[in-house]
Amino acid sequence: MNSEEFRIQGKELIDYIADYLENIRDRRVFPDKKPGFIRDLIPDSAPVKGESWTSIFKDVEKVIMPGVTHWQSPHMHAYFPALNSYPSMLGEMLSNAINCLGFTWASSPVCTELEMVVMNWLGKMIGLPEEFLHRKGGDGGGVIQTTASECTLISLLAGRFVAIKMYEDLYPDANKHEINGKLVAYCSDQAHSSVEKAALIGLVTLRYIECDENFSMRGDKLLKIIMQDREAGLIPFWVCATLGTTGSCAFDNLEEITEVCYNELLWCHVDAAYAGSSFICPEYRTWLKGVEKANSIAFNPSKWLMVHFDCTAMWVKNSSALHGAFNVNPLYLTHEYSGLAIDYMHWQIPLSKRFRSLKLWFVIRNYGIAGLQEHIRKGVVLAEKFESFVRGDPRFEIPAKRYLGLVVFRLVGDNFITEALCKRLNSRGNIHCVPANLKGKYVIRFTVSSPRSTLDDIVKDWKEIVRVANEILQEREKYLRRAKVPLGEIKEKNENFGSSLLLSNVPMSPKIVNASFAAIYDQGDVLEQFTKTIKFRKDAQDSPAMRRRIKGILMSGKQFSLDSRLDLFHGIETSPTQKSGSNNLPVVEDSAEPEEKTSSGSENDNTSGSHSPQKDNLEVSPIRHNRSKSVDHQLNLTINDLKVEKQICNRCGHKVEKVERVEDYN
């Protein structure tokens, strides 16, 4: 593609993008696809010769769009927002054209300089103290990272560096490994999973502090656990305070937490990934009270400020802690201003850095502070409206207070009813939501995010929820009629019941309904019922893994839950490649024991035209072994047309029978 074609095709692509975004509410928000769907749509190998752009672009609607979850749709309510805007896209286009790598000031001076200025703009917009801003003689400043998860890890590693250095000074005989092994970090039990991942990478212990009734971490509980760890000889060093938790957008009590961290000499990192954008509105800055005693803070303009991914703003008071954790200075990265200008490679984990500040600069200038505030407040108002709809229907409940643009709701009753609602909504594809777990309650998260969302969109989404809820509740009697037998009663009713349970694909409300059915009824009843309804996998008996599993079931002498029983059914079904009258039962044999006869006691069963594989399996007694055989020993029960020859198995040393079909010798 030359420059002339780029001009033409680029303009057409911009038209396509504009049409896509302006008409996005007409698209199914959640795709109706299964893993691997794209393999049938594109070739297995790359083309040898280049294709025309026209041919390539035709595949966008054919291959790409059918599998897209449309995050910019007004009906996208899952997760937190991941927005874009036209000035942001234009900034990204220009950044891609320049394509500079801003690891040092000298590698592209404007990349570093603009980032410093824009991060000061943004810090002032959300009301951060001056200690977090770039200024002469100051050690603080802002940096654009990739994600909030990365910021959590960076702050933990910086806090670890400070703690190790402090304890090395206090205890000169101690080494870094001894100190690191005693380090303990803390967060709320509602904190994002990225905190746990950061602790795993940093090789430190993580303590979860139980939240209060408002899903908030409080200072007194934090201090109590810190004191217990100190008494145990451990070294508390880092705390993550969450402003806007993922589950319910709850806020930890930052003022109490930072006071504890300040007094106990712990690094306090503030994770405000979603809620941080709202702090540009003064009425929401009350949650920032106490931030002046924090050490670092981060939030994602790429979530709610219409700057598209990736763009995460992070500020630190003490940039020297970042330098200590990440500083490397090979000769090829030095320049004449090293030590005088900021080199952002010392503020982050990667070496290289994209020119992200350009799109942030474009968005702030184009919308202005007032325009961005209007966008935030509109989202909150729409969330309040949705909340009023939910509260107006007595079949629903809101188990956690609404904060900002996130409403969590559920159907009154057992978790599985709300889970069924969530799955049904997503399968229909008209709206998209995701669940969360709030103190054992399965809830559905509904986030208002899109700048294109209107009250009509919210009303339409609520009608969709009510319509599906009506269906679920009408079917509720079907769920309630299922026999639910506690595990203790199952053991009493059937002592042979094994320990394998079927969870019915209900992660928030695991049940033993199906497993209890297999346990408390006679084996014959189970087989008879499920041979009427189960669709077998035709190739199951050809799988070595399946044969090993079936062998284990037969050897155990136990009755298992349905997942195990289904494997047994799959293995005994007659293969379409075999004669209709032949059996396909897996054999568990032992040369030390005589073969047990079935209860039918008739050798003519094998030649009878009315032979039933299911019936035979019911009447074959499980054989217990002192030593298991390899999967190579599994033979077919039907031996009338087989020639038997004794051999020794090379894998386990057992005497086995080599079986070949007689017709091979005819």
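Select α5, α10 (301-304) and β10 first: each supplies at least two residues to the lining of the second largest pocket. Helices (H or I, at least four residues) and strands (E, at least two) are DSSP runs, numbered from the N terminus. The model you are viewing is predicted, so local features need pLDDT of at least 70 and side-chain atom pairs count only at pLDDT 80 or more, while totals for chains, interfaces and linings use all residues. Residues are numbered from 1 along each chain as its sequence is written, and side-chain values use heavy atoms, with hydrogens and water left out.

**Stop 1: the pocket**

Stay with β10, which gives the most to this lining, with three residues. The second largest pocket holds about 520 Å³ of space. Now select Phe80, His192, Thr246, Asn300 and Lys303: of the 29 lining residues, these are the closest to the pocket's centre. By class, the lining has 14 nonpolar, 12 polar and three charged residues. (Ala, Val, Leu, Ile, Met, Phe, Trp, Tyr, Cys and Pro count as nonpolar, Asp, Glu, Lys and Arg as charged, and the others, Gly among them, as polar.)

A pocket is found on a 1 Å grid over the protein atoms alone, as an open set of points with protein on both sides within 12 Å along at least five of seven lines; a cavity is a set of points where a 1.4 Å probe fits but cannot get out, and lining residues have an atom within 4 Å of a point. Grid points are joined across faces, edges and corners, and a volume is the space filled by probe spheres set on the points.

**Stop 2: the seven-stranded sheet**

Next, colour the strands of the open sheet with the order β1-β7-β6-β5-β4-β2-β3, where the pairing is mixed. Two strands pair if DSSP finds at least two bridges between them. Look at β1 (141-145) and β3 (205-209), the edge strands, each of which pairs on one side only. From one strand to the next, the twist averages 20 degrees.

Zoom in on β6 (residues 296-299) and β7 (residues 312-316), which run antiparallel and are joined by four bridges.

Now show helix α5 (residues 148-170), which lies across β1, β2 (183-188), β4 (235-242), β5 (267-271), β6 and β7 and runs at about 175 degrees to β5. Axes are lines fitted to C-alpha atoms, for helices over the stretch in contact, and angles run from 0 to 180 degrees between N-to-C directions. Contact means heavy atoms within 4.5 Å.

**Stop 3: two backbone details**

Select Phe309 and Asp310, which are joined by a cis peptide bond with omega of about 5 degrees. Asp310 sits in the loop between α10 and β7. Then find Phe215 in the loop between β3 and α8 (219-231). Phe215 has a phi near 60 degrees, a positive value in a residue other than glycine.

**Stop 4: the four-stranded sheet**

Move on to the open sheet of four strands in the order β8-β9-β11-β10, with antiparallel pairing. β8 (396-397) and β10 (434-438) stand at the edges with a single partner strand each, so one side of each has no neighbour in the sheet. Five bridges join β10 to β11 (residues 441-447); pick Ala436 and you will find its bridge partner, Val443, in β11. Helix α12 packs on this sheet, touching β8, β9 (406-411) and β11, and its direction makes about 15 degrees with that of β9.

**Stop 5: the cavity**

Keep α12 (residues 357-391) selected, as this helix gives the most to the lining of the largest cavity, with four residues. About 40 Å³ of space lies in this cavity. Among the residues lining it are Trp304, His375, Lys378 and Ser450. The lining has four nonpolar, five polar and one charged residues.

**Stop 6: a pair of helices**

Finish with α1 (residues 3-22) and α2 (residues 53-64), which pack at an angle of about 10 degrees with their axes 12 Å apart. The two helices are therefore roughly parallel (angles under 35 degrees; over 145 is roughly antiparallel, 65 to 115 roughly perpendicular and the rest oblique). To see the contact, show Glu5, Gln9, Leu13 and Tyr16 of α1 and Trp53, Phe57, Val60 and Glu61 of α2.
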